[in-house]
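Here is a set of questions and answers on how terms are applied to a protein structure. Each answer sets a value beside a cut-off and then concludes.

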Amino acid sequence: MKWNAGPPMVEQIAWNFQRGPFQFVPLVTEKLVLACKLNILFLRREVGLGRIVQGGDIDNRLKTLFDALRMPKTLEETGGLPLLDTEKPFFCLLEDDALITEVRVRADTLLTPTEGAGRNDVKLIIGVTVKPIQTLQCNTDFA
């Protein structure tokens, strides 16, 4: 990536992360030498002391979540969905999910009413800590 005094920084980042008509602006990137930690509170309707997940394995569910937090690697990963005006540019957390360096998951019971919600619906509360892998002039605000 090359930064210049021209267009705003967001536009410069979006030009560097284009997939077809989509322009992505990830916060955590290799170029900025940043990584992140995720602290996930996994709330589900199933009652079961000490169980993070019922009805599916945790590694596949977490992989799906990580994929949703990163920008697509190819245009095909956008699913052929149309680009909305509100998605220009498209902000996302990660350039690549390999930039996640730590994950903590805590499970609890979701106590909100179930009307209109499926039995397997969950609510995730995700805390994100962004940190530099190496302190550089471009990422000192994250130190």
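Q: What makes the approach of the side chain of R104 to the side chain of E102 a polar contact?
A: The model is predicted, and in it the two side chains come to 2.8 Å. The cut-off for a pair of N or O atoms is 3.5 Å, with one able to donate a hydrogen and the other to accept it. The pair of R104 and E102 is counted as a polar contact.

Q: Why is R104 called exposed?
A: Exposed means over 50% relative accessible area. R104 has 53% relative accessibility, so R104 counts as exposed. R104 is placed in strand β5, residues 100–109.

Q: Which residues does R104 touch beyond its neighbours within four places in sequence?
A: R104 is in contact with L38, N39 and I40. Contact here requires heavy atoms within 4.5 Å.

Q: Why is N139 called buried?
A: Buried means under 20% relative accessible area. N139 has 0% relative accessibility, so N139 counts as buried. N139 lies in the segment after β6, which covers 122–132.

Q: What does the side chain of N139 have within polar reach?
A: A polar atom of that side chain lies 2.8 Å from the backbone oxygen of L32. Leaving aside neighbours within four places in sequence, N139 is in contact with L32, V33, L34, P132 and Q134.

Q: Why does V33 count as buried?
A: The limit for buried is under 20%. V33 has 17% relative accessibility and therefore counts as buried. V33 lies in the loop between β2 and β3, the latter being residues 34–44.

Q: Why is A143 called exposed?
A: Exposed requires over 50%. A143 has a relative accessible area of 71%, so A143 is exposed. A143 is in the segment after β6. The C-alpha atoms of A143 and L34 are separated by 9.8 Å, and the two residues are 109 residues apart along the chain.

Q: Why is β2 described as largely enclosed by the rest of the structure?
A: Of the 7 residues of β2, 5 are buried, so β2 is largely enclosed.

Q: How do you know that β2 pairs with β1 and with β4?
A: Pairing needs at least two bridges between two strands. There are 2 bridges between β1 and β2, which run antiparallel. Between β2 and β4 there are 4 bridges, in the parallel sense. R19 stands opposite F22 in β2, F24 stands opposite F90 in β4, and V28 stands opposite L94 in β4.

Q: What makes β1 and β4 edge strands?
A: The order in the open sheet of 3 strands is β1-β2-β4, with mixed pairing. β1 and β4 each pair on one side only, and they are the edge strands.

Q: Which residue in the hairpin of β1 and β2 takes a positive phi?
A: G20 does, with phi near 60 degrees, in a hairpin that has 2 residues between the strands.

Q: How do you know that the peptide bond from K88 to P89 is cis?
A: Its omega is near -5 degrees, and the bond is cis. Most peptide bonds are trans. P89 lies in the loop between α2 (58–69) and β4.

Q: Which residues of helix α1 are buried, and what do they pack against?
A: The buried residues of α1 are Q12, I13 and A14. The buried residues of α1 pack against β1 and β2.

Q: What lines the second largest pocket, and how is the lining divided by class?
A: Its lining includes F22, F24, P72, E77 and F90. By class there are 7 nonpolar, 1 polar and 2 charged residues. The volume of the second largest pocket is about 160 Å³.

Notes:
Residues are numbered from 1 along each chain as its sequence is written. This is a predicted model: local features need pLDDT of at least 70, side-chain atom pairs count only at pLDDT 80 or more; totals for chains, interfaces and linings use all residues. Side-chain values use heavy atoms; hydrogens and water are left out. On a 1 Å grid over the protein atoms alone, a cavity is a set of points where a 1.4 Å probe fits but cannot get out, and a pocket is an open set with protein on both sides within 12 Å along at least five of seven lines; lining residues have an atom within 4 Å of a point. Grid points are joined across faces, edges and corners, and a volume is the space filled by probe spheres set on the points. Ala, Val, Leu, Ile, Met, Phe, Trp, Tyr, Cys and Pro count as nonpolar, Asp, Glu, Lys and Arg as charged, and the others, Gly among them, as polar. Buried means under 20% relative accessible area, exposed over 50%, partly exposed in between (1.4 Å probe, protein chains only).
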